Number of protein chains: 2
Amino acid sequence: MPTVTADPAVPASTVEDSPETRMRRAKEAARDTARLTSDGKVSALHAIADALVARAADVIAANGRDLARGAEQNIGDALLDRLRLDEKRVAALAAAVRDVAALPDPVGRVVGGHRMPNGVALEQVRVPFGVVGAIYEARPNVTVDIAALALQSGNAAVLRGGSAARESNTVLVGIMRDALASVGITPEAIQTVDDFGRAGATAMMHARGLIDVLVPRGSASLIETVVTESTVPVIETGAGVVHIVLDESAPLDWSRDIVVNAKVQRPSVCNAVETVLVLRAAAERVVPDVAAALIDQGVTIHGDEDIRRLVPAAVAATEEDWATEYLGLELAMRVVDDLDEALAHIRRYSTGHTESIISTDALRIERFLAEVDSAVVMANASTRFTDGGEFGFGAEVGISTQKLHARGPMGLAELTSTKWLARGAGQTRA
Amino acid sequence: MPTVTADPAVPASTVEDSPETRMRRAKEAARDTARLTSDGKVSALHAIADALVARAADVIAANGRDLARGAEQNIGDALLDRLRLDEKRVAALAAAVRDVAALPDPVGRVVGGHRMPNGVALEQVRVPFGVVGAIYEARPNVTVDIAALALQSGNAAVLRGGSAARESNTVLVGIMRDALASVGITPEAIQTVDDFGRAGATAMMHARGLIDVLVPRGSASLIETVVTESTVPVIETGAGVVHIVLDESAPLDWSRDIVVNAKVQRPSVCNAVETVLVLRAAAERVVPDVAAALIDQGVTIHGDEDIRRLVPAAVAATEEDWATEYLGLELAMRVVDDLDEALAHIRRYSTGHTESIISTDALRIERFLAEVDSAVVMANASTRFTDGGEFGFGAEVGISTQKLHARGPMGLAELTSTKWLARGAGQTRA
């Protein structure tokens, strides 16, 4: 392996500085990160974690300025909470980087191969993508998560965070770049285009040849924009209109516990349930208790007429509710005649993230698992389990709701591609 | 498994007939094809193969009309050859369908899984994409190839072939749809939008939610258009500015045999070599013989000054030649100072398809294999081996030159996605 040496840091503002020049530097740096040994990557990530802890005060100060601006602009408590970095959260960020460093290196793994009849030896090996781009919103932890995951999988990263977290992100990227340089790796492997505003995101979406894969993380509208506008390959993540179906055989305690857990344990994330479909034969038996437990936790229920007969506190659901990702303490609830109607509702409104059925009927469970076309299909478990950490992948890049390349929670291997190596001794094709 | 029944064929022209309605029918049919058993798929493919043979005369007659129109329009001998279907080629098409039927069914294969610490059983299984779209040019065999591959991987197919092959494609699609109906599978699983002209292709490229993955096959400009315009996920295939590097240790016989084979054996395809880079230390020893063998086969050599000193018959190469996919009996040839310069040339001009080095130096071979960022990187073998058949995948969907989802020759598994199944017993997240 050649030694990778740090380039002198390029001054932040020169005349020719542009999103393109930064992406070009990332592309060049990617040739070096692709050849880092596992040991080299681990030392880089530990240097980043150490630097985050050592410079936590800088991060918190910059974050304070973001928070103050956010409060002035009334961005709301939920967003402010996602934006906030205190000492504990910075420590958690550093710990997450160390967790990534502990994950097995996917690069170089032989995933297939055989000898052709003529003797040519074929081998399919994991290789980094090259440059991973991320476009995301208010959470500054994504800045560090994506950079660490990209690096451990041998990639360079180009980051575009939301303007709400701009000062936090600038400091975090600076810390990570300094940490790379301190262990002899070019800091150009981590780039931000935050300071170019929307033009930075636009440049990334059209950077064919410079960015190998683009991961949008955030609201449905952000993801939609990136998917529609981008000419670079995109891994679509996240939006979750998640359903739970209460079958006629659904045990009451599982129904109540799973629905409450899936809605309330962390309502602001994509794997939280948004719609509960109850089979008519179970409605009278389960709906009053499930609804009472939800209301007890402060959840507003948007119900159809059948639900409202059983739950007087429910407000009337409109067509729009079935397609809504509330990301808060609200839930849509509907009675369906049978499993066919539940499956048809899911086909129509699901975003293909996660659906779960609560049932003890083996045939109906298997039908649900087979027919629902979502990244994760569950029986008798909380939809909150759709998560890279819970699935055992360490930190996660996002949850893919598309079918190409990766589906469901993505780990390190999903940030790599493969290439075929062929070793011959003069063979030609007949 | 539910029985899949054939819908009555929908009349070809009704008032509301449009690319959208056909894609919608494919999407509905995909729910049925996804649940076909392996036995069901095999019998469908054999019915298609039998029907192609039985109705070969219809195919050849329609193809004759396409050929006559093509000749009138002077589309050229190479295109006419790609377009031509005679009895032998129809038989080969049918045989290719039977070969696909003999491939292992990828659907339902468990590719991963484990039990979560809380007892939830996780299983990752292969599932069809749903609807595979293909946009391609003059070769009518692609119509049958893609439909067969889509079906064997549980998908429905929406096809858009080139206008040059329109009559052939119409008959081929009709035969395949009839064959599906004859074994009780909905014919809506195979759709063409050829009769809508460009509007059909445009509709496919924007059919998010109806087409799950789009595969363009054909010229670089067709692929570029689809990649740039499409909002549906695309698997980029094909364009090949393919390089062979003759190292200073390159044996003369391997150099000559491999370069000639890679250029001449079938010049019109993407894995044919387009540029040969010769290390200066080998140039005098190998260039005259390699060039003579090429010229003997009718190849025009576009050389830089160093090449032209050694090969008087060579014409002067321009900057444009290094980026050209000739797809014919032409070849660009350049002398480079060392392996670094060869690698830099490849970084600049390669389309990431296939590159090969001819060398006996182990360190230099390994450096080439590690540093060249292409789908297939070879040592001492003809680039013509980059092919699904040669790689043992049976018929191929195309050769992916991108890094997402699939890279290199694609087989049946590349036409599937995965989903996660989670089976619990009331677990909630702490």
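A residue counts as buried when its relative accessible area is under 20%. This is a predicted model.

**Helix H14 of chain B**

Helix H14 of chain B spans residues 339-349. Its buried residues are B:Leu339, B:Ala342, B:Leu343, B:His345, B:Ile346 and B:Tyr349. They lie on the same side of H14(B), because they cover an arc of only 160° around the axis. In general, an α-helix has 3.6 residues a turn, so residues three or four places apart point the same way. The buried residues of H14(B) pack against strands E7, E8, E11 and E12 (354-358) of chain B. They also pack against helices H13 (319-322) and H15 (362-371) of chain B.

**The sheet**

An open sheet of 10 strands runs in the order E1(A)-E2(A)-E16(A)-E13(B)-E12(B)-E7(B)-E8(B)-E11(B)-E9(B)-E10(B). The pairing is mixed. Strand E1 (110-115) of chain A and strand E10 (315-316) of chain B are the edge strands, and each pairs on one side only. E10(B) pairs with strand E9 (residues 300-303) of chain B in the parallel sense, over two bridges. Here B:His302 stands opposite B:Val315 of E10(B).

Helix H11 (residues 280-296) of chain B lies across E7 (242-246), E8 (273-279), E9 and E11 (330-336) of chain B. H11 runs at about 150° to E8(B).

**Two histidines with positive phi**

Most residues other than glycine have a negative phi. Two histidines have positive values, as the table shows.

| Residue | Phi | Loop between |
|---|---|---|
| A:His405 | about 75° | E14 (398-400) and E15 (408-410) of chain A |

Conventions
Residues numbered from 1 in each chain as written. Chains lettered and ligands numbered in written order. Predicted model: local features only at pLDDT ≥ 70, side-chain atom pairs only at ≥ 80, totals over all residues. Heavy atoms only, no water. Pairing = 2+ DSSP bridges. Helix = DSSP H or I, 4+ residues; strand = E, 2+ residues; numbered from the N terminus. Contact = heavy atoms within 4.5 Å. Axes fitted to C-alpha atoms, helices over the stretch in contact; angles between N-to-C directions. Buried < 20%, exposed > 50% of the residue type's maximum accessible area, 1.4 Å probe, protein only. Arc of directions from axis to C-beta.
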